[in-house]
Amino acid sequence: MEKMIYLDHAATTRTLPEVTEVMEPYQDIYYGNPSTIYEFGEKSREAIEWAREMIAGTIRARPEEIFFTSGGTESDNWALKEAVHLHESMHPGSRGKILTTPVEHHAILNSCEELKQMGCGVFFLNVDETGRVFLAAAEEAVLENEDACLISVMYANNEIGTIQPIDELGKMAKRRKILFHTDAVQAYGHLPINVQRDNIDMLSASAHKFGGPKGVGFLYIRKEINLPAFVHGGAQESNRRAGTENVPGIVGMGKAAELAYKRMGMESRRIRHLRDYLAYRILREIPDVKMTGNRKYRLSNNASFCFRGITGEAAAILLDTQGICVSSGSACSTGSLEDSHVLAAIGIESEWAQGALRITLGAENTKEEMDYVVEKVKMVVADMRGMR
Ligand code: PLP
């Protein structure tokens, strides 16, 4: 493949070479099943426990509060669906209610939809024009929805990078004795997280978003919460998540977590500078463009824009022909381009939302690449507007 400029780190990241290296022996040398009693299986068990401790340490949790899953989607499904089951078992006759936001990932939104079909209530908290939850409105919603059993608000948004007031929401949930879950798939490995300080009861994360392999993640569940199992079968993960463990994946995620938290400060400063440089040039040199999301509470690698008069999907395809990987903000369904639900929720008109482009940076990007990308974005946007 010709040189490619990868700017879609919110979609996935490259598995770091150090991560691949620690995973390898668990594929072909120490391949024992961790549930077996002989010493060979012990090797795999030890590796899993090493990863559990490593990950627990990064969010100030206890190792026994970390449960390995197949990724962010499973963790989100588990947290939501079983929180509702837990509520039902404690309050027979009540289906409970989830308070969430309209800017969540579909792993949350579609789980809510499923729960709604089964009689559970779902209430959407208001967000401002940057996608952040209005705290006062959330407080009111908590008071008005007495049957609320769970607040689920993402740590940071995957499209526009907005970081939510997690500490305040955690305090509110604790005060009202409501469980608090956060989908931290975009935040874990990129932001410091402290589940104790922020009163987080459950937290979802996914390895492939921070330099780990795909198809592995975890759900943190506070020890005091008796969240029922979601996947049933064997006794793995303390009887809470059945299925032979993805040992190489789990070890890889542990290593990726170690590296992400070790390098975080320096890395995010460098990436933020590059992102700011890119955003400055795009906003200054291209007419009719706006940046979406929050200036202050924002993931340092996220630059998301709306260009008026173009379609983001077509722009992403044209940029691909120039060797640049970025995402558009719309989802193609039945042949028409639907506006992103996130952009719709923050009040971006369709005329702008159609022209959404999400650029998300990573450790390997350089200033030269940013210069190249600005020139190509300028060219593509001008072409599409028929201005060249
Ligand atoms: N939640 C958020 C905020 C995400 O960005 C994603 C993936 O893009 C997911 C959940 C799903 O994670 P996974 O790909 O590990 O299933």
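**Exercise 1.** Is glutamate 285 buried, partly exposed or exposed, judged by its relative accessible area?

*Solution.* In this predicted model, the relative accessible area of glutamate 285 is 23%. Since buried means under 20% and exposed means over 50%, with partly exposed in between, glutamate 285 is partly exposed. Its salt-bridge partner is arginine 284, with the closest N and O atoms 3.5 Å apart, and arginine 284, at a relative accessible area of 54%, is exposed. Both residues belong to a network of salt bridges that also links Arg281, Lys367, Asp371, Glu375 and Lys378.

**Exercise 2.** Determine which parts of the chain are tied together by the salt bridge between aspartate 288 and arginine 308.

*Solution.* Begin with the contact itself, in which the closest N and O atoms of aspartate 288 and arginine 308 are 3.2 Å apart. Aspartate 288 lies in the loop between helix H9 (247-285) and strand S9 (289-291), and arginine 308 in the loop between strand S10 (302-307) and helix H10 (312-321), so the pair ties together parts that are 20 residues apart in sequence. Aspartate 288 is partly exposed at 38%, and arginine 308 is partly exposed at 29%.

Notes. Residues numbered from 1 in each chain as written. Predicted model: local features only at pLDDT ≥ 70, side-chain atom pairs only at ≥ 80, totals over all residues. Heavy atoms only, no water. Salt bridge = Lys/Arg side-chain N within 4 Å of Asp/Glu carboxyl O. Buried < 20%, exposed > 50% of the residue type's maximum accessible area, 1.4 Å probe, protein only. Helix = DSSP H or I, 4+ residues; strand = E, 2+ residues; numbered from the N terminus.
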